[in-house]
There are 2 protein chains.
Amino acid sequence: MNFKIENKFENARSASFTTAHGEIKTPTFMPVGTRASVKTLSFNELNDINAQIILSNTYHLYLRPGNKLIKEMGGLHKWINWKKPILTDSGGFQVFSLAKNSRPIKNTSIKSEVKIEENGVEFKSHLDGSKHYFTPEFAMQIQHDLGADIIMAFDECADAKSTKEYFIKAMERTHNWALRSKLEHDRLNSKQETPQLLFGIVQGGIFKDLRIESAKHINSLNFDGNAIGGLSVGESKEEMYEMLDHVIPHLSEEKPRYLMGVGTPEDIFEAIERGVDMLDCVHPTRMARHGAFWDKLGRHNIKNEKFKKDENPLMENCSCFSCKNHSRSYIRHLILEGEILGLKLLSIHNLNFLIKLTEEICSSINEGKFATFKKNFFNNFEKWLHI
Amino acid sequence: MNFKIENKFENARSASFTTAHGEIKTPTFMPVGTRASVKTLSFNELNDINAQIILSNTYHLYLRPGNKLIKEMGGLHKWINWKKPILTDSGGFQVFSLAKNSRPIKNTSIKSEVKIEENGVEFKSHLDGSKHYFTPEFAMQIQHDLGADIIMAFDECADAKSTKEYFIKAMERTHNWALRSKLEHDRLNSKQETPQLLFGIVQGGIFKDLRIESAKHINSLNFDGNAIGGLSVGESKEEMYEMLDHVIPHLSEEKPRYLMGVGTPEDIFEAIERGVDMLDCVHPTRMARHGAFWDKLGRHNIKNEKFKKDENPLMENCSCFSCKNHSRSYIRHLILEGEILGLKLLSIHNLNFLIKLTEEICSSINEGKFATFKKNFFNNFEKWLHI
């Protein structure tokens, strides 16, 4: 793992590392393509907004179309025609949230259930109620079939409402599974022409002692990178930032740190400031589906009457396709009419906003101006704590 | 109107004419953007498939966002950022179909009703049940506000199940309205810097005598072009082709002929063979929403199990973005998962298929090979008469 730190500003750092499909410069925001498609965008549009790496999801792709099919088609990169790096999540988060919380399966009364054992997790598909069993080893095998550049250890993301006692159990299980993930990954990687990188995941809820214990343990297993999971799941922003403060000092300086599932402008600043290098979130594309977008002042909703005759782009001086070509007035019309083009234009803008913001943060670190840049940004930008 | 015929093959012809936003080469297939957006495509994607002209709809844009708003925004071209020609339908067809057949307005028991008088048509919006009144003069005023290069006379498209007696009445009303449309258009055009072209519309159902009478009458009013309306509304293919045989000899050779709302490969061949120059249809984008696409063998549905591991493009040697970049296997996955990217990839392919087919037909006319080209095409292509 050739993680090269270029510059530091206190705990924030700019860096780069190499994957099988090219270099990634950090800090970086990674668009999410859960079902092997970043919602509404084609790969050329992702290239246009300078997406360096995209995410996809093991749980979803395992269920449909199946990892074996994707392997047969030459792996995820070839199948979706994306030539740059891909990261796959292990499926843990989805098994514990989607499968558990899903509504009864369509046309049946079957409700998904999750049975957690030391060996692995039995769950019912949220699609058809069929039974499946994931182990750390199996999660690695699936991710090796998919062939992403960066893959994730199988972990248990405990429900935020669990007791501390349960969080301890879940963390210990996560640690065991981390080791088993690593062993299976090493075995599979040694047989592969193109090696994949494996990241471990720190858990521990919002308990300082557990987070520190988990960070130390995961760090000791010597993964290619370290991720922080189980945040942005209902706790307050302050609690999340505090957990980062506890965790990050125990994660190697020499490896990328990935904060999972987080992606609002304020969270990106706060996380990078504390030493995070990579972030992902479905938020920018989900916001688009609600008609929402960011500009330098904060978050707005394009459906607002005030944009009806607004000839301006979504954001002044924005480099994205949507802003270079279309007005708020037209995009508002598209969204109100339910036209798919409107969703695409907002998705492009919101993703570009976070990617460019992260690039600017990177530059500010390189120029020793992170603190000023952050201050100036939030002079204008109205924070909104509830998504 | 400088309509220049380049070549003829019996009744089929290749030609060109100039509009305020550039030249149109015919025969041409025109993508439909009912609500000011060709479903799922942005303008760069329309340029990539060589769309020469796109359609939009007076009825829809009048209701939302309103023609006055679009005029205030600088007209339709500027508002949607499309630099090539646009054609707007008059709203007649929609008033008589959408408004009449619409389900009760959401959350109310109001059902749209249409009252047809000599002066014009009262109808209730299919959106909110609000009352509106269209006259030929008003339809012209709206279309002059929108500012399309080609606009359409206001006509009555009678229900296919009407009696011949009613078709006679509707035709006579259409003829009166055609004249009133022309007078109002001439008045408005004389005040405009950028003149718009007005096309008249032939009606008459599937009655030979009415179609001939209507063709002669509309032709005598000296519009910039002549359109044939009220076909592809439930009659058989044979009836439609027969009506074209009756109508076309009475429409000036020196002007473009536009067959409205028609767009399957076989209809395009049959219409151009009879002397039609322009066609439009929502069919290629609607097909995409059903998962359907064309290749050289005919129509297929991407959801079919047989495409699961198919690494081929939708169609061999196809020039479109979807075929140059993605496999049937991946597009099938996207459609099955409800991913919007799948809709876009199929829409691009289907529109490109018809546009390229029409371009090839044009070349075959220029090279004196239309009959051979048609024969060869249908040697492979399986006709399907029911959409």
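User: Which residues in α6(A) are buried?

Analyst: In α6(A), the buried residues are A:P136, A:A139, A:M140, A:I142, A:Q143, A:H144, A:D145 and A:L146. Buried is used for a residue with 20 or more other C-beta atoms within 10 Å of its own, exposed for 12 or fewer, and partly exposed in between, with C-beta atoms placed from the backbone. The model is predicted: local features need pLDDT of at least 70 and side-chain atom pairs count only at pLDDT 80 or more, while totals for chains, interfaces and linings use all residues. Residues are numbered from 1 along each chain as its sequence is written, and chains are lettered from A and ligands numbered from 1 in the order in which they are written.

User: What makes helix α6 of chain A mostly covered?

Analyst: Eight of the 11 residues of α6(A), which spans residues 136-146, are buried. Just after α6(A), A:G147 has a positive phi of about 85 degrees. Helices here are DSSP runs of H or I with at least four residues, strands are runs of E with at least two, and both are numbered from the N terminus.

User: Why is B:T26 called buried?

Analyst: B:T26 has 26 other C-beta atoms within 10 Å, so B:T26 counts as buried. B:T26 lies in strand β3 (residues 22-26) of chain B. Leaving aside neighbours within four places in sequence, B:T26 is in contact with B:S14, B:A15, B:S16, B:P256, B:D277 and B:M278; contact requires C-beta atoms, placed from the backbone, within 7 Å.

User: Why is α7(A) called roughly parallel to α8(A)?

Analyst: Helix α7 (residues 164-190) and helix α8 (residues 208-220) of chain A pack at an angle of about 5 degrees, with their axes 11 Å apart. Axes are lines fitted to C-alpha atoms, for helices over the stretch in contact, and angles run from 0 to 180 degrees between N-to-C directions. Angles under 35 degrees count as roughly parallel, over 145 as roughly antiparallel, 65 to 115 as roughly perpendicular, and the rest as oblique. The angle therefore makes α7(A) roughly parallel to α8(A).

User: Which residues make that contact?

Analyst: A:F167, A:I168, A:M171, A:H175 and A:A178 of α7(A) meet A:L210, A:S214, A:H217 and A:I218 of α8(A). The contact has six nonpolar, three polar and no charged residues. Ala, Val, Leu, Ile, Met, Phe, Trp, Tyr, Cys and Pro count as nonpolar, Asp, Glu, Lys and Arg as charged, and the others, Gly among them, as polar.

User: Why do β4 and β5 of chain B stand at the edges?

Analyst: The parallel open sheet of eight strands runs β4-β14-β13-β12-β11-β10-β6-β5 in chain B. β4 (28-31) and β5 (54-57) of chain B each have a single partner strand, so one side of each is left without a neighbour in the sheet.

Key. Pairing = 2+ DSSP bridges. Contact = placed C-beta atoms within 7 Å.
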